[in-house]
Structures are given as structure tokens and as C-alpha cells.
Amino acid sequence: MAVLNGADLPIGRHEHGGNIHRHRNQERDQPMLDFSANLNPLGPPAWLRSAINCHLQLLGHYPDPDCTELVRAVSNRYRVDRELIVPGNGSTELLHLVPRIVSVRRALLPVPCYIDYIDVLEKNSIEVEFIDTAADGYRVSPGQIAAKIQGNDLVVFGNPVNPSGAFLEDQAIMDLAQKHPDTLFVIDEAFHDFIEPFTTVGGTLANIITLNSLTKFFSIPGLRVGFGIFPEPYCLKIRELLPQWSVNTLAQIIAARAVNDQAYAADTKSLCAMLREQLRGALGGFEGIEALDSHANYLLLRLSGGLSGQWLYQELLQEGIIIRRCGNYRGLGDAYVRVAVRTETENRRLVEALRKVIGGPANRSQRQKKRAAAIMFQGTSSNAGKSILSAALCRILYQDGYKVCPFKAQNMSLNSHVTVDGGEMGRAQVVQAQAAKLEPDWRMNPILLKPNSDTGSQVIVNGRPVRNMDVRQYHAFKDEAWKAVVASFDELRDAYEVIVMEGAGSPGEVNLKSHDIVNMKMARYAGAPVLLVGDIDRGGVYAAFAGIMDVLEEWERELIAGFIVNKFRGDESLLADAHRFIREHTGRDVLGVVPYISDMSIPQEDSVSLREGFYRDRGTGADQVEIVVVDIPHIANFTDIDPLYFEPDVNIRFVSDPSLFGRPDCVIIPGSKNVAGDLRFLSDRGCDRAIIDYYRAGGTIVGICGGYQMLGKLIADPYRIETSDGSIRGLGLLAVDTVMARDKTLIKRRGTHIESGRQIVGYEIHHGKTVGSLTPVLEFEGGETCGCRNDDGSVWGAYLHGIFDEDTFRRWFVDGLRRTKGLAPLGESGTTYNVDRSLDELADLVRSRVDIGRIYRLLNLER
């Protein structure tokens with residue numbers, strides 16, 4: 001096994017944890033996980049990057065030498081006289097100056113302890129007497145210290161102790177100091193805030209000095225800022241020794257704001273305690289590892305059974321994990337290591353790595369099943385291309401022999417599909433399931449939101465409608481929604497080798513982030529690297545990449561693995577400078593440039609593609625028929641039109657202005673999530689009159705699902721599902737009435753178009769039942785009928801979504817329009833609507849334009 005950067009050498013006498021730089025030149029697609037540095041698992045405050053960006057202009061000026069705002073903030077938060085507060089370039093700077101401001105005979109050090117205490121005292125030729133705390137479980141004992149004090153001593157220890165995490169109550173320290181007024185106590189409170197945020201023993205007695213590090217609690221060690229609380233005359237002496245401008249401008253600004261962030265402190269205290277106990281419990285299952293009790297954000301591990309700290313360090317480096325060897329802690333040795341408490345996902349990775357290198361845990365009869373790899377596509381906006389790229393990767397992985405499954409935690413779309421078991425899910429995940437050669441399963445999209453007003457949606461959970469909710473109601477429901485999401489994801493992860501995930505909208509939408517369950521929260525839960533997709537066709541793609549990275553929190557940025565430019569037209573070589581800028585600005589590469597795709601018969605995700613012109617009017621040629629689709633505000637399942645759109649002899653126009661109806665060969669009224677609202681829209685616009693005039697002039701009109709209901713005379717709504725007064729009149733073109741039902745019909749169908757005898761397949765998604773005495777349109781297996789038509793067949797409708805998917809029926813329908821127009825039918829020479837073939841073409845295209853090898857490495861897969 002290869003050894004990484006001197007990992008075979010024992011730890012140096014003065015070597016600390018946290019030296020991530022030593023291992024940065026290793027070729028790894030996943031960054032090293034540093035369990036050797038004890039930083040807040042919450043990561044830095046969410047506002048950190050914004051605060052730095054906001055104050056960058058101040059770098060053109062010298063820092064405030066008095067750290068005025070920082071001192072004021074610390075004084076207010078810790079309730080300490082500001083005259084006693086001395087900021088420093090990290091508390092280490094202050095520690096190294098302490099021997100120069102005191103006059104003591106000797107120092108007492110409970111060990112093991114932070115190694116710099118010994119280093120500082122020895123450099124200043126101060127005699128040290130060590131107090132072994134092993135018998136007390138590496139806890140500081142006031143009795144042991146008191147027994148050693150002779151007067152004019154210096155006592156130095158951390159509270160909590162580094163490396164053991166043992167904690168001594170503040171009152172016990174003050175009692176000890178009060179009993180020995182001629183002994184000076186230096187208490188290192190570097191990790192004190194993890195236990196009792198914003199409290200200190202500093203400033204309580206004339207013989208207590210505290211050193212307080214802000215960088216560990218706020219996870220900003222690179223900024224180097226801390227403070228000490230020094231009684232007079234020590235505060236005056238140490239100020240004389242400190243250089244001017246010891247604390248830089250940004251460090252002062254960030255630290256002053258940080259100590260006022262009480263919400264962050266409260267979250268840290270509860271989260272760290274929970275994660276620490278979780279990790280300690282998981283480590284307790286391994287033979288040869290004992291995790292000692294700790295109050296801090298780290299655990300001291302005692303090794304036995306032939307395990308050594310050096311060996312474990314080397315083995316875990318091979319797994320991309322750095323731990324703290326304890327061979328240079330006095331009183332410990334190579335039988336100990338220390339690990340930080342990190343996030344739940346990172347802690348799980350440590351446990352899995354330990355399981356790999358030493359086996360176990362002992363209380364498990366067999367090793368845990370390998371979890372499926374996961375990757376997520378997120379976008380700079382809606383309709384950036386994440387759905388189609390997810391489908392492409394699903395097909396690529398399927399072609400390469402992997403058992404792959406798509407997943408989107410929450411989808412907002414009026415394009416939905418019915419699964420075999422009668423569940424409802426978004427169409428985008430249906431296409432991705434097709435790409436993976438899977439039967440669609442609502443677990444692939446456990447939450448579906450179907451907007452039915454400007455502020456509300458029908459909420460579908462686990463394939464079934466729950467109820468209509470407005471935004472605030474849905475936010476209150478999010479905890480329940482999240483439970484459904486993770487349950488579905490966990491089940492799929494156990495059943496497949498790879499999960500290809502899709503986000504929603506953009507992770508940079510700061511107004512939505514606090515309620516997110518589909519973007520970064522889901523990626524973190526899955527441990528999935530994120531590829532950010534941008535639509536260059538709409539412009540501003542590189543600004544979007546850079547801007548989104550700037551508004552992400554640090555843990556979110558760490559999940560971003562690269563960018564993909566989508567919908568490009570032109571010479572890719574012209575993008576080189578932009579890609580170089582993005583690399584320098586974000587530290588991430590552009591992994592591919594995908595051209596604009598317009599000629600593949602792949603259903604679109606939602607109405608955004610409709611509004612942005614995907615279904616463009618291509619102009620009606622002499623040998624084509626023209627179909628107008630009525631563009632209603634709550635259009636649903638408009639992908640019913642896709643098979644017609646891709647026929648070479650059909651031109652589709654979406655129209656919402658009655659003056660633009662013209663004289664098409666057919667008008668289709670599509671599905672609607674709010675039939676009553678869309679009928680009012682047609683009336684307000686004058687579209688209802690245009691449709692009726694078109695019918696009277698001999699036109700052909702088709703209604704699908706909600707459009708079918710609109711063609712009737714009356715829609716009764718006894719449960720007020722869509723109306724406030726209980727009913728609304730339809731267009732009156734079919735002699736049928738509809739009664740809205742409380743329960744939704746969700747069913748897959750197979751049968752025959754009665755007039756043509758052609759086979760049809762599809763699914764029904766609707767509230768209500770439509771009745772009348774007209775001739776039915778469809779007959780399903782089992783004898784049920786659906787839909788109706790007028791006497792001459794010029795107006796007909798049915799509930800079946802996907803009715804045009806079958807080639808033979810679609811060609812019969814189009815050829816009928818051709819005959820009416822005086823054109824010869826094309827019959828079987830018409831283009832076959834073949835989604836599967838298009839998915840293969842899509843996969844080939846994406847393979848040629850995206851660094852698939854890099855994606856496989858992110859997934860830890862072999863090609």
C-alpha cells in the first residue's frame with residue numbers, strides 16, 4: 001500500500017492536527033476529511049462569505065489597532081469589563097506572551113494537555129511539574145492541583161481539556177483560585193463555548209487569566225482571531241508586547257459579528273452534543289477502540305488488541321481521512337488517537353472507514369450492505385437542463401451495466417403520471433426511469449406539488465394527494481414531507497447501485513433556502529456531489545455560477561463538484577477564458593458543454609419550457625396540418641402534445657390570444673389543474689367565443705382530461721374543490737355534465753379507440769365524473785368506456801393522458817386531419833415517436849460533451 005506524504009513517520013514533538021495542506025497534492029476526487037482539527041461541525045456561520053464580500057473594500061486601509069468593535073462585542077456578550085479584554089491573532093499568540101508578563105517560580109501542568117503549553121514554558125525556562133491525570137480519567141482534579149501548589153505558582157490547563165474533552169465546572173475553578181490567591185491560573189477556554197456558549201471565568205478574580213479562541217467555535221481557524229481576559233496589571237503588560245495591527249480587519253469584523261450570533265451558538269451546543277454521542281456510540285461497537293467520555297467537540301480513543309495510533313493513522317489516510325495521533329501528548333502515547341466530531345455524514349464515513357480497515361463492529365453479525373453511490377444535478381434556474389442531464393446520466397449508467405435509479409425529493413409540476421400501483425409522480429422522473437429501463441415508481445418523486453393558484457398547490461405525498469395547501473401551510477408540513485422523502489430515498493438506495501438525483505430551481509434562491517428539502521439538504525443527506533447546470537442560451541450563465549457559489553454556505557460549497565454549461569450554440573473554444581475565470585473564482589471546473597437540443601422526442605419537464613419557447617411555431621407548410629393548443633394558465637400534462645409536435649407533417653401553436661387562433665385544422669384544449677379558473681380565463685380573454693366560432697365554422701376540437709370537462713355544459717363542484725359557488729358553466733360543445741368528486745381518480749389504462757379500432761394506452765388523473773348520452777370514444781380492457789363525441793365526430797374528448805403516444809392511433813388522427821384538408825394520408829411513413837431511441841441519442845451526445853470519467857470518479861465507480 002502506498003504511503004502518503006511521510007505518513008510512515010511518527011508524529012513530531014510539536015506537531016498539531018489540522019495540517020490538511022500536507023495532503024492536498026494527492027490525486028483525489030473527494031477532498032480529505034480532517035478529523036484531526038476540532039472545529040464546529042456546523043461549519044462557519046451562514047453569513048460568513050457575505051460579510052467578507054461586503055467589507056473587502058476595507059482591505060485598502062490599516063486595521064483598527066484597538067479592535068474597538070470586537071472588544072465592545074466581547075464585553076457585551078461575555079459580560080466582562082472591556083478594559084480587561086485583549087484581542088490577539090488567535091489565542092496562541094497570547095499564550096506565547098504570557099510567560100513574559102508573569103513572575104512565577106514554577107508551573108503546574110495537568111497532563112495530557114495541549115502541547116503548546118509545554119513548548120511555551122520550556123522556551124521561557126520556566127520549571128514545569130506535571131500532574132498525571134490518568135487515574136482520574138484524564139480529568140483535571142482541583143484536589144490534585146491544590147496538593148501541589150506551593151505559592152507563587154502558575155497553573156495552566158484547558159477547560160475542557162485537550163485532548164480528553166473532560167470539563168471542570170467554572171465554579172470549581174473559581175473556588176480553587178480563591179483558595180490560592182498567590183497562584184496565577186491560566187485557563188484555556190478554547191472549547192468552552194461548545195459547552196456553555198459565551199460564558200467565562202475570566203474577569204472574576206485577580207489571579208485568573210483566560211485565553212479564548214473564537215476560531216474553533218465559529219470554524220474559522222484561517223482568520224486567526226481570539227482574545228484573552230487579563231486582570232490588571234497583566235492586561236497593560238501584554239498590550240505593550242503585542243505588535244500594532246495584530247488582528248486583521250476581516251478577522252475583527254467577523255469575530256465581532258460572530259459573538260453576537262446567539263442562534264448559531266444555541267444550534268452548535270445542541271447539534272454538537274447529539275453528534276458526539278452518536279459518534280461515541282458507533283465507535284463503541286469496535287473491538288480495540290474505547291471512546292472516552294467527552295464534553296467537547298472531539299473524542300479521545302484508547303486503542304487495544306494490537307491496534308496502534310500510527311498504524312490506524314496510515315490506514316485511514318488511504319481512505320481519505322486524517323486523525324490526530326497522540327504520540328506527542330505527554331502521558332498518552334501511540335495507544336491513543338483523537339477524532340473530531342464532524343457532520344453526521346462525515347462521521348458515518350469515518351465509521352465505515354474503520355469498519356473497512358479493522359473489521360467489525362463486534363456487535364454486528366455481518367458487514368453493512370454497501371450503500372448506493374449518489375450524484376445530484378442542480379441548476380442555476382428552473383429549466384436549466386438538470387432533468388434532461390439526469391436522464392442522460394441514467395441512460396449512460398444503464399448502458400455501462402449499473403443498476404441505476406432516478407430521484408427527485410420534491411417536484412413542482414402540472415405534468416404528472418400514474419404508476420402501476422395507482423400513485424402519482426412527476427413526468428420528469430418518469431422519463432428518467434425510462435432512461436434507466438425501470439418501471440416508474442412514486443418513490444422516485446415522493447413529493448409532488450401541483451399548483452392550482454398563484455399561492456397554493458395540491459400536495460401529493462407518496463403518490464397520494466394529501467390536500468391543497470398554501471405556502472405557509474406547506475412550510476408547516478415540511479417536517480412530515482422530509483420524513484417521506486428520506487424514507488423513499490433510503491429504500492431506493494438499498495435497492496440500486498447508483499442514484500441520480502435532481503434538484504429544483506436553484507440552490508442560490510436565498511428566499512427559499514430555509515425550507516429546502518430538495519437541493520442542498522437532500523444532497524448532504526445523500527452524501528452526493530453536486531453538478532451545477534447553467535443555461536447559456538438565456539445569458540449570464542457564468543455570472544450565475546459565480547453568484548450562486550458566493551451565496552452558498554460553506555458546507556453547501558463543499559458539495560459543488562463542478563459545472564455543466566447547457567444549451568450552447570456556437571464554437572466551444574470561445575468559452576475557454578470564461579472557464580478559466582470560473583476555475584479561478586470558485587475552485588471548480590466546467591465538466592462539459594452540452595449543445596442546444598431541439599430535435600429529440602424527449603418529454604419536457606414542466607410548463608417553464610412551454611413559456612420559454614421550446615414548442616416554437618415552426619410555420620405551417622403546404623403539406624402540413626396545423627394544430628392550435630389552447631394555452632391556459634393551469635395547463636397540466638401538456639406533454640400529451642409531444643408526440644404530435646414531433647410528427648414531421650404537424651405544426652403546433654400554443655395560443656392564448658383569440659386574435660391569433662387563425663384557421664387551424666384542429667384545436668386541442670389540454671388538461672388543467674384548475675378547470676374553473678381556466679374557464680374564467682377563457683371567458684375573460686374572449687377565447688371561449690373564438691373556440692365556439694371555430695366549431696361553428698366546421699373546425700375539429702379535442703379536449704383532454706380538464707379540457708374534456710370544459711367542452712361540456714356544466715361542471716358541478718359540491719365539495720368546492722375549484723369553485724366558491726359550487727358550479728361553473730362549460731363551453732357547451734358536448735352534451736355532458738361533470739360532477740367533481742372529493743377523491744382523485746388515478747389509474748393506468750389500456751384499450752381501444754372505438755372509431756378507428758387502434759390500440760391506446762395511458763392514464764387518468766382527475767377529480768370528477770363526466771356523464772351524458774353521447775357516443776363513447778374509448779373502450780378499456782374490462783369493458784369500461786371513456787369520453788364522448790358529437791354526432792359527426794368534430795368535437796370529442798376523453799380523460800386519457802398519453803392518448804397520442806401510440807403510433808398507429810396518432811397517425812390515424814393526423815391522417816384524418818390531412819384528409820379533411822385535402823392532403824394525402826402518410827400512414828406508416830410518419831415519424832415514429834420513440835422516446836427510448838432519443839434517450840440513446842441523448843446519452844451518446846452527453847458522453848461526447850461531458851467528462852463522464854470525472855463523474856464516475858466522483859461516484860467512485862469503474863467504467
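**A helix and its surroundings**

Mentor: Let's start with α13: eight of its nine residues are buried, so the rest of the structure largely encloses this helix. Buried here means under 20% relative accessible area, exposed means over 50%, and partly exposed is in between (1.4 Å probe, protein chains only). Helices (H or I, at least four residues) and strands (E, at least two) are DSSP runs, numbered from the N terminus.

Before we go on, keep in mind that this is a predicted model, where local features need pLDDT of at least 70 and side-chain atom pairs count only at pLDDT 80 or more, while totals for chains, interfaces and linings use all residues. Residues are numbered from 1 along each chain as its sequence is written, and side-chain values use heavy atoms, leaving out hydrogens and water.

Back to α13. Its buried residues are Arg 427, Ala 428, Gln 429, Val 430, Val 431, Gln 432, Ala 433 and Ala 435. After the helix comes Lys 437, which has a positive phi, near 60 degrees.

So what does α13 pack against? Two packed helices are described by the angle between their axes and the distance between the axes. For α12 (residues 386-399) and α13 (residues 427-435), the axes come within 7 Å and cross at roughly 20 degrees. That makes α12 roughly parallel to α13. The axes are lines fitted to C-alpha atoms, for helices over the stretch in contact, and angles run from 0 to 180 degrees between N-to-C directions. Under 35 degrees counts as roughly parallel, over 145 as roughly antiparallel, 65 to 115 as roughly perpendicular, and the rest as oblique.

On the α12 side, the contact is made by Ser 387, Ser 390, Ala 391, Cys 394, Arg 395 and Tyr 398, and α13 brings Ala 428, Val 431, Gln 432, Gln 434 and Ala 435. Contact means heavy atoms within 4.5 Å. Sorted by class, that gives six nonpolar, four polar and one charged residues. Ala, Val, Leu, Ile, Met, Phe, Trp, Tyr, Cys and Pro count as nonpolar, Asp, Glu, Lys and Arg as charged, and the others, Gly among them, as polar.

α10 (residues 309-318) and α11 (residues 344-358) pack at about 110 degrees, with their axes 10 Å apart. These two are therefore roughly perpendicular to each other, and their crossing is right-handed. Trp 311, Leu 312, Glu 315 and Leu 316 of α10 meet Leu 350, Ala 353, Leu 354, Val 357 and Ile 358 of α11. That contact has eight nonpolar, no polar and one charged residues.

Next, a single residue further along the chain. Ile 460 sits in strand β20 (residues 456-461) and is buried, with a relative accessible area of 0%. Leaving out residues up to four places away in sequence, Ile 460 touches Glu 424, Pro 446, Ile 447, Leu 448, Lys 450, Pro 465 and Lys 744. Ala 481 is 21 residues from Ile 460 along the chain, and their C-alpha atoms are 9.7 Å apart.

On to strands that pair up. Strands of a sheet pair through backbone hydrogen bonds, either parallel or antiparallel. Two strands pair here if DSSP finds at least two bridges between them. β24 (residues 560-568) and β25 pair in the parallel sense over four bridges, and Ile 564 is opposite Gly 592 in β25.

Last stop: β31 (residues 701-704). Both of its faces are covered, with Ile 701 and Gly 703 on one side, Val 702 and Ile 704 on the other, and all four buried. Three bridges join β31 to β29 (residues 666-669) in parallel, with Val 667 opposite Ile 701. Four bridges join β31 to β39 (residues 795-798), also running parallel, and there Ile 704 has Ala 798 as its bridge partner.

How values were computed: Left-handed = near helix turned anticlockwise from the far one by under 90°.
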